[in-house]
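This briefing covers helix packing, model confidence and one record annotation. The structure comes first, then the notes.

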Amino acid sequence: MWSRRSCRYRPDASGLEELRARRREQESALRKARRQQQLVSKRLLREDSLVNGDGQAGVEIAAEPLSEQEVLQLLRNIQMGTEERKKLLSRLRQGLQHKETQQKFVRLEGSMQVLIGLFTSSLANIQIEAARCLHELSHSSDPAVAEACLPATSYLLTYLSGHSVEFTELCLYTLGNLAVESDAVRKRLLPQGIIPTLASCIQSPHVAVLEGLGYILSQLLQAREAATKIIPLVLDSVLPQHMLRLVSSNLELGMGVAVEFSWCLHYIVCSHVNNALLISQGIVSTLVLLLLELASMISKAATEGLELLICPVLRCLSNLLAEDETDGCKVQIQDERLLVALFLFMQYFLQQHPFIVQECLWLLNNLTADEPIFCSAVLTLDLLPALLQLLPCSRMVTLLALTVLCNIAEKGPAYCHQLHQKAVLPSLLSTLALSDAQVVGQSLELLHLLFLHLPEVGLSSGFQFLCIVQRLGNHGGKLTATT
Amino acid sequence: MARDGDIHRHLYLQDILTNVTEVTERSKVSEFCCNIVGCCQVFDTLEGYEHHYNTLHRNMCSFCKRSFPSGHLLDTHILEWHDSLFQIMAEKQNMYQCLVEGCAEKFKSSKDRKDHLVKVHLYPSDFRFDKPKKAKSSTKHSKPPSKLDASVPMDVNVETYEQSQVDSMEICPSESVANPTQPVSGPISSLQEKKLYKSRIPSTICFGQGASRGFKSMKKKV
């Protein structure tokens, strides 16, 4: 999966037009995603045909959808075995790329049974082709089509204990697509033993299998009923310790694997079902070390898609830090190098993926909220200028940066003194001038803390700020009280 | 907060169609034959061979030549079908283990286990990897030509090794995959006619003088 993804970014001869088309596609997908309440993410494994007629590697010629009669005829021919069945199944599979054909197929009486029969046959090539047909069906946007695949789930699960990498991968993604589809599917998968099966499967050494497994697990963990029905089962199994192992091992080969399992960990952590267990298994140190490693990768060479891995890891740590003290497992991070890593990420991703900046700041906030150690580290490692540079960015970033500054200021006069020395006040002037009420409010909070701990500063620059009061209207009351 | 990260993840998941310029992972090699004695399947990709081997040879019962998708199912099969000690012990205690991973239940009989699979684990009642042991194990099964027998499954277990070889020859319409429990909707008669002149080719017959017994048209055009 991951290696397929990185191939996308290679420029090719017909590049420009294709790039534009792809960008349009992405933008429309982005707009659509923003409108949705819940993101349903299915994955499609579809290979281009390796060769076409004249021996050149080429794109699979997009086949037309099949009519009901054609589907019926194909199925009959397959049953009778008059022609080469693999070719027939191939033709069916191509047709099943189209929603209309999918719908026609599932409506034909007996069609699913035929397909499942082929899927469970002992002829390997037939089986794989039938599996590909099932996969196309699982990916359908029509829920009725996906649910028609339900009778296949016991077999899909059985085949997960097989040894063929490609076939297992296909089964995993098919199951994953079905699992995303509906409660009804998951209500069947759970009693059929999907969690124990995945727990065995995770011991496979094959990257493709692991990535597929991570995918399906990540989808299960996002289900509405995950916190009550799924996560407890997962935590009860060997899955968490393997996830922790896979998230940090061998990033060169297994980036795709690490991405999937880091999102899995995120979904588990933010459900707050039993984070004490994960903490006892060393999740905090594992993730901190992972971030440090990723930071070092950034400074070496550009790594495509790193933000996909960093985002959930940051969130995990943030959520773990924010947990109330349970069973005496208060999360404590001591490694100051983490700060450097965070600032590196923020600098690197500011232009392309600003959401990473927000995630980093959120973690920074949670780190600095209680522990003075990180507050001093920000100052001693001279990271303050970088933090101040973030103030004029987007609203969310500004707000978070101000909150971090407040956390530092709150620690006492010594900290405020440092802040003042490093020119925080001028930056505050600009944030106070912004129109957003929350930003202004947070700025005032910071100002209040500074004046509280450094009264002499309040006296000397108070007048400047009083002028601002004139312009602030109803916030003015607070500022006046401060000065 | 930071929903953008989730959207990014969502787009990543959606965006994985393989594209034209991708280097295909499937490397082609020159044609080769399956190593197993008596199996003449030919392959031109390693993945194709791997899957064939895993489906047919890897978990094969040496007693009755049935193939199973996993070592676990093979072990269960050998225990229940070929182990006389098992039969003796089964009279005294529950020996039939549930097939679902993670379920430790054991049952007095194969039927009880099947009921459990269907009721508790929502398995299909015709799950093909849970066939009760036949009184006489017979690898031949003759089909009533009058109608498609609803009870005959497309069965990995029932086929013998030789049968699958026959299939791979594709000489005649194979029985191995062609039997749904219901015919696809449409007139049944055309299917019936076909069945009447279906015949099994004995494994000892070899077509052509010294010809290899594989079906060569597996070759992909390059």
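In this predicted model, helix α6(A) passes helix α7(A) in a left-handed crossing (left-handed if the near helix is turned anticlockwise from the far one by less than a right angle, right-handed if clockwise). Helix α6 spans residues 111-119 of chain A and helix α7 residues 124-138 of chain A; their axes come within 7 Å and cross at roughly 135°. α6(A) and α7(A) are therefore oblique to each other.

**Contact of α6(A) with α7(A)**

- On the α6(A) side, the contact is made by M112(A), L115(A), L118(A) and F119(A), where contact means heavy atoms within 4.5 Å.
- On the α7(A) side, I126(A), Q127(A), A130(A), A131(A), C133(A), L134(A) and L137(A) take part.
- By class, the contact of α6(A) with α7(A) has 10 nonpolar residues, 1 polar and no charged (Ala, Val, Leu, Ile, Met, Phe, Trp, Tyr, Cys and Pro count as nonpolar, Asp, Glu, Lys and Arg as charged, and the others, Gly among them, as polar).

**Contact of α20(A) with α21(A)**

- Helix α20 (residues 337-349) of chain A packs against helix α21 (residues 354-370) of chain A at an angle of about 160°, the axes being 8 Å apart.
- That angle makes α20(A) roughly antiparallel to α21(A) (angles under 35 degrees count as roughly parallel, over 145 as roughly antiparallel, 65 to 115 as roughly perpendicular and the rest as oblique).
- The crossing of α20(A) past α21(A) is left-handed.
- From α20(A), L338(A), L339(A), L342(A), F343(A), F345(A), M346(A) and F349(A) meet P354(A), I356(A), V357(A), C360(A), L361(A), L363(A), L364(A) and L367(A) of α21(A).
- The residues of the contact of α20(A) with α21(A) comprise 15 nonpolar, no polar and no charged.

**Contact of α24(A) with α25(A)**

- Helix α24 (residues 395-409) of chain A and helix α25 (residues 413-421) of chain A pack at about 130°, with axes 8 Å apart.
- α24(A) and α25(A) are therefore oblique to each other.
- L405(A), I408(A) and A409(A) of α24(A) make the contact with Y415(A), C416(A) and L419(A) of α25(A).
- The contact of α24(A) with α25(A) holds 6 nonpolar residues, no polar and no charged.

**Confidence**

- The model scores ipTM 0.81 and pTM 0.80.
- Chain A averages a pLDDT of 84, and 86% of the residues score at least 70 (pLDDT is the predictor's confidence in each residue, from 0 to 100).
- In chain A, pLDDT stays under 50 over residues 6-13, with 14 contacts beyond four places in sequence, and over residues 49-60, with 20 such contacts.
- Chain B averages a pLDDT of 66, with 53% of the residues at 70 or above.
- Residues 16-24 of chain B have pLDDT below 50, and this stretch has 26 contacts in the model beyond near neighbours in sequence.
- pLDDT also stays under 50 over residues 137-222 of chain B, for which the model has 140 contacts beyond four places in sequence.
- Where pLDDT is low, the predicted coordinates should not be read in detail.

**Annotation on chain B**

- An unreviewed UniProt entry annotates residues 61-82 and 98-121 of chain B as "domain: C2H2-type"; such annotations may be inferred rather than shown by experiment.
- Residues 61-82 of chain B are 55% helix and 0% strand, with end C-alpha atoms 10 Å apart.
- Residues 98-121 of chain B are 42% helix and 8% strand, with end C-alpha atoms 10 Å apart.

**Conventions**

- Residues are numbered from 1 along each chain as its sequence is written, and chains are lettered from A and ligands numbered from 1 in the order in which they are written.
- Local features need pLDDT of at least 70, side-chain atom pairs count only at pLDDT 80 or more, and totals for chains, interfaces and linings use all residues, while side-chain values use heavy atoms, with hydrogens and water left out.
- Helices (H or I, at least four residues) and strands (E, at least two) are DSSP runs, numbered from the N terminus.
- Axes are lines fitted to C-alpha atoms, for helices over the stretch in contact, and angles run from 0 to 180 degrees between N-to-C directions.
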